[in-house]
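Welcome! Please take a moment to look over the sequence and the 3D structure, and then we will walk through some of the details together.

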Amino acid sequence: MKKKNRAVFRCEKLLLGFVAIIVCIFISCKGSTQHPEQENTKSVITQKLKGATSNTTLEQYIKEYHSDNNTIGEILALKELAIRYRDSLKFGHSLTYFNQALSLSEIDQDTTEIISITNEIGNNYRGMHILNKSLGWHRYALEMSNTYNDKNSLESTINRLNSLKGIGCTQYELQNLTAADSAFKKCLGGYQKEGMHLEEASINTYLGKIFETKHQNDSALIYYSCALKQQCKGGTNTDRGIAYLNIGNVLENMGDNLSAAKYFGIAYTLINKTDSIERSIQVGLSIAQVNIKLGKLSEVATYLNFALWKAQKLHSFSLMSALYKIRSLYDQKSGNTNQALLDLQQAQIFSDSMYAKIENERNFYLKLSYDQQQKQKKQLESSEQVETLKKRNLHWAIGIMVTILLLSAGAITILVYFLRLRRRAAKMQDHMESVKNNFFTNVTHEFRTPLTVILGFSHEFLTTKNINVDEWREKMAIIERQGKGLLQLINQLLEISKIHATIGEAEWKQGNINPYIRMIIENHRQLTKEKQIKMVFSPEKPLLQMDFVPQ
């Protein structure tokens, strides 16, 4: 499967390279279509689009620009709408509008916009965690930038630097830290040359993240400090607040919690002056976490309650997950271990919901792409039939030439069709690989608990000098049940070829559920004992008849 994916990726790379060469040859013959007047027009339209208060307004602008044959305005409006959909995690809708903008840019032969949109598509795939495609689109944009390099155009230079930045960000997500570092430093030199302090601050922030990932906190602190100095030259309160937040995180990692709390406080003051609710919550959670470490629990509750109130308004799964994780630490420090466990479970639920939302967006885009391909295929077949009927009335000599042209067109159509089939197959293979990985991850978690219980009792058996036979008979019975559970899991794995879906049919049974729950409690007694948690099962009714699934 991996070999097939690599083959498909090579085909896509060759096709992208072929398109880039054709576009660049055409541009080298015709010259740049970017003029100062066009740049001014773009600037005016961009400011107008930024002021749009809703997506509906942007859609109206798109229709107006299309009616007026204003291709530049239509492209920029499509881009702005796509970016807003991406910011709300609707990646499928976003890619649809980016693809429309890309098609118009290719028709208009606007290479600068082609490169810009290509980078944006790469950013979308990175947001969807399809990192190989993200890297491919950014490299394609960089290849076009290097081939068509208008040194007199600032926008072209920025597009090239953004391509390097996109490559660095994707390599960072792939944990290829050396490659990410190389791309970011090339990009940093370009931003320094152009005097773009805010972009320079962004790159220094990413370099700080790389060193923070490597646990080289001193180097990370240097880059974050450089980013703060550059943000002070023209950055917003939000940008400066994020810089203080990053420095505070490093100081917290270094164990200097008092200094970290100081930087978090400055960040909180700056960000609260803006409308950035999400950033305000993030800083508030950092303050809560460091105060837990400092033992200032009375101040923690205020930040957590305020953050919960704001996060519920945003409907942000990622923020809710982070909030409940820190709340779990707070409850644990306060001695409320049961609530701490519930908070951890709630954090996992929100984390799963976030990834499920991204997965739904990916599936939506795949379905949308498939429907578009089918529609284009039908249109192509219909147009070919019309052309065939028309050409039957031509002279024999012209018929021969037309036949040759049709054969050539058919060969190209077949090539494109097979490339689409391969791409579609690669997408399905990626999806199946993801499903399989999730399945084995879940099975691995099922192995962990019984193994922990068995190893715990084994260690206790080896270290206990005075052994109570009756007590150890009970414990050995628990070990036997856990071993049978492991054996059952292994048998299920051996029977995986017979499974047609990741979830089988539930085997319902009817009876008293209390003994079964009590057995589960006893099976986990050793685990809870090691974590210093007291777990008690006290049913209100000794007999509770109901339907349940033992598995």
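## Charges over rings

A charge sits over a ring if NZ of Lys or CZ of Arg is within 6 Å of the ring centre and within 35 degrees of the ring normal. Keep in mind that this is a predicted model. Lys214 is found over the face of Phe211, at 5.5 Å from the ring centre. Another lysine, Lys209, has its charged end over the ring of Tyr206, 5.0 Å from the centre of that ring.

## A stacked pair of rings

A pair of aromatic rings is described by the distance of the centres and the angle of the planes. The count of aromatic pairs comes to 8. Phe184 and Tyr206 are stacked, because their ring centres are 5.0 Å apart and their planes are at 15°, with planes under 30 degrees apart counting as stacked. Since Phe184 belongs to helix H9 (residues 177-194) and Tyr206 to helix H10, the pair ties together parts that are 22 residues apart in sequence.

## The nonpolar cores

Phe184 turns up again in the largest nonpolar core, which has 38 residues. Together with Ile203, Leu207, Ile210 and Val283, Phe184 touches the most other members. Several helices each supply at least two residues of this core, among them H9, H10 and helix H14 (277-294). Which helix gives the most to this core? H9 does, with 7 residues.

Let us take Ile210 as an example: beyond its neighbours within four places in sequence, Ile210 is in contact with Tyr172, Leu177, Ala180, Asp181 and Phe184. There is also a second, separate core of 33 residues, including Tyr61, Leu76, Leu81 and Ile115.

## Asn204 in helix H10

Helix H10 (residues 197-213) also holds Asn204. Is Asn204 buried or exposed? Its relative accessible area is 4%, so Asn204 is buried. The side chain of Asn204 makes a polar contact of 2.9 Å with the side chain of Gln230. Leaving aside neighbours within four places in sequence, the residues in contact with Asn204 are Leu188, Tyr223, Cys226, Ala227 and Gln230.

## Helix H6

Helix H6 (residues 111-127) has 17 residues, so at 1.5 Å a residue it should span 24 Å; the end C-alpha atoms are 24 Å apart, which agrees. H6 is mostly covered, with 15 of its 17 residues buried. After H6 comes His129, whose phi is positive, near 65°.

Note on methods
Residues numbered from 1 in each chain as written. Predicted model: local features only at pLDDT ≥ 70, side-chain atom pairs only at ≥ 80, totals over all residues. Heavy atoms only, no water. Helix = DSSP H or I, 4+ residues; strand = E, 2+ residues; numbered from the N terminus. Buried < 20%, exposed > 50% of the residue type's maximum accessible area, 1.4 Å probe, protein only. Polar contact = N/O pair within 3.5 Å; in protein donor to acceptor, adjacent residues only side chain to side chain. Contact = heavy atoms within 4.5 Å. Expected span 1.5 Å × (residues − 1). Phe/Tyr/Trp six-rings, centres within 6.5 Å; stacked < 30°, edge-to-face > 60°. Core = buried A, V, L, I, M, F, W, Y, C linked by side-chain atoms within 4.5 Å.
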